[in-house]
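Work through these exercises with the structure open beside you. Try each task before you read its solution.

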Amino acid sequence: LFGPKMATKKVELFYDVISPYSWFAFEILTRYAKVWPIDLHLRPVALGGIMKLAGNKPPGLVPAKGAHMMRDLAQLADYYNVPLRAPQNVAEVLFKKGSLSAQRLLTAASLDNPASVEPLTRALWTRVWSNDQDITTEDSLRAACAAANIPPAATANLIARLTDPAVKAALQAATDEAISHGAFGAPTIVADGTMYFGSDRFPVIAHQLGLPWLGPDPARAKPKL
């Protein structure tokens, strides 16, 4: 598909599993990592910290935006073929429970076993944004690890590291790095040094990188006649 001289492009996804739009970006990028010459880095961040530092507001706090978001998520879930179903109490999930423990878990995984970050991230999103399940308690996090096929001993180590100062510092560092790129929310994508925001910028990203955009699932793309 690509010539031998096509250089690999570094693409970073700064995300938080509390953000449903980040799930779409995650699935698109992990699909395209199989067909584009990119080096994909999954970067868990603390979305609340980004919003605070950037002076931004969650869309759910603006009634009209919140109502639109629910319709928008359903449409995008269908388009991107992602099994997203909004939890029954979205406000409680977003503003009361949050995702700090989940993001620390992912940060610990990125430090200890980077290969586990993708399946663990997907397992956490599936719990909270598909099955309406908790992602805040240690039992919930253990269940997510099990769904990601992380062995019990490794899971115990990840859980133990939730309060590890090194993990907290690494999560803060990733959050600060996202801010340094100009982040004001999630998903924030940095592709070949340029920052993009949102889950609907992929045709533009592809154009800027000189790569083909084949729709939401390149494996299912139909060849042009």
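Helices here are DSSP runs of H or I with at least four residues, numbered from the N terminus. The model is predicted.

**Exercise 1. A salt bridge inside a helix**

Find the helix that holds both glutamate 118 and arginine 122, and describe how the two residues pair.

Solution. 
Step 1. Locate the residues. Glutamate 118 and arginine 122 both sit in helix α6. They are four residues apart, about one turn of the helix.
Step 2. Look at the side chains. They meet in a salt bridge, at 3.2 Å from N to O. The cut-off for a salt bridge is 4 Å, so this pair qualifies.
Step 3. Side chains of opposite charge can pair when their charged atoms come close.

**Exercise 2. One arginine and its partners**

Which residues form salt bridges with arginine 142?

Solution. 
Step 1. Take glutamate 138. Its salt bridge with arginine 142 has its closest N and O atoms 3.3 Å apart.
Step 2. Take aspartate 139. Here the closest N and O atoms are 3.0 Å apart. Aspartate 139 and arginine 142 are three residues apart in helix α7, again about one turn.
Step 3. Arginine 142, at 37% relative accessibility, is partly exposed. Glutamate 138 is partly exposed at 42%. Aspartate 139 has 57%, which means that it is exposed.
Step 4. Look for a network elsewhere. Salt bridges with shared partners join Glu12, Arg43 and Glu177 into one network. The count of salt bridges comes to twelve.

**Exercise 3. Helix α3**

Compare the length of α3 with its expected length, then list its buried residues.

Solution. 
Step 1. Count and span. α3 has 18 residues. From first C-alpha to last, α3 reaches 25 Å. That is close to the 26 Å expected at 1.5 Å a residue.
Step 2. Find the buried residues, those under 20% relative accessible area. In α3 they are Gly66, Met69, Asp72, Leu73, Leu76, Ala77 and Tyr80.
Step 3. Find their neighbours. The buried residues of α3 pack against α1, α4 and α6 (117–129).
Step 4. Check what comes next. Asparagine 81 follows α3, and its phi is positive, near 55 degrees.

**Exercise 4. The largest pocket**

What is the volume of the largest pocket, and how many residues line it?

Solution. 
Step 1. Recall how empty space is found. Rolling a probe the size of a water molecule over the atoms shows where empty space is left.
Step 2. Read the size. The volume is about 1,000 Å³. The lining has 37 residues.
Step 3. Go to the centre. Tyr21, Met51, Pro58, Pro59 and Ala186 lie nearest to it.
Step 4. Sort the lining by class. There are 19 nonpolar, twelve polar and six charged residues.
Step 5. Assign helices. Among those that supply at least two residues each are α1 (20–32), α2 (47–54) and α4 (90–97). α3 gives the most, with five residues.
Step 6. Pick out proline 59. This residue is in the loop between α2 and α3. At 35% relative accessibility, proline 59 is partly exposed. Beyond four places in sequence, proline 59 touches Lys65, Gly66 and Met69.

Methods: Residues are numbered from 1 along each chain as its sequence is written. This is a predicted model: local features need pLDDT of at least 70, side-chain atom pairs count only at pLDDT 80 or more; totals for chains, interfaces and linings use all residues. Side-chain values use heavy atoms; hydrogens and water are left out. On a 1 Å grid over the protein atoms alone, a cavity is a set of points where a 1.4 Å probe fits but cannot get out, and a pocket is an open set with protein on both sides within 12 Å along at least five of seven lines; lining residues have an atom within 4 Å of a point. Grid points are joined across faces, edges and corners, and a volume is the space filled by probe spheres set on the points. Ala, Val, Leu, Ile, Met, Phe, Trp, Tyr, Cys and Pro count as nonpolar, Asp, Glu, Lys and Arg as charged, and the others, Gly among them, as polar. The expected span of a helix is 1.5 Å times one less than its number of residues. Buried means under 20% relative accessible area, exposed over 50%, partly exposed in between (1.4 Å probe, protein chains only). Contact means heavy atoms within 4.5 Å. A salt bridge is a side-chain nitrogen of Lys or Arg within 4 Å of a carboxyl oxygen of Asp or Glu.
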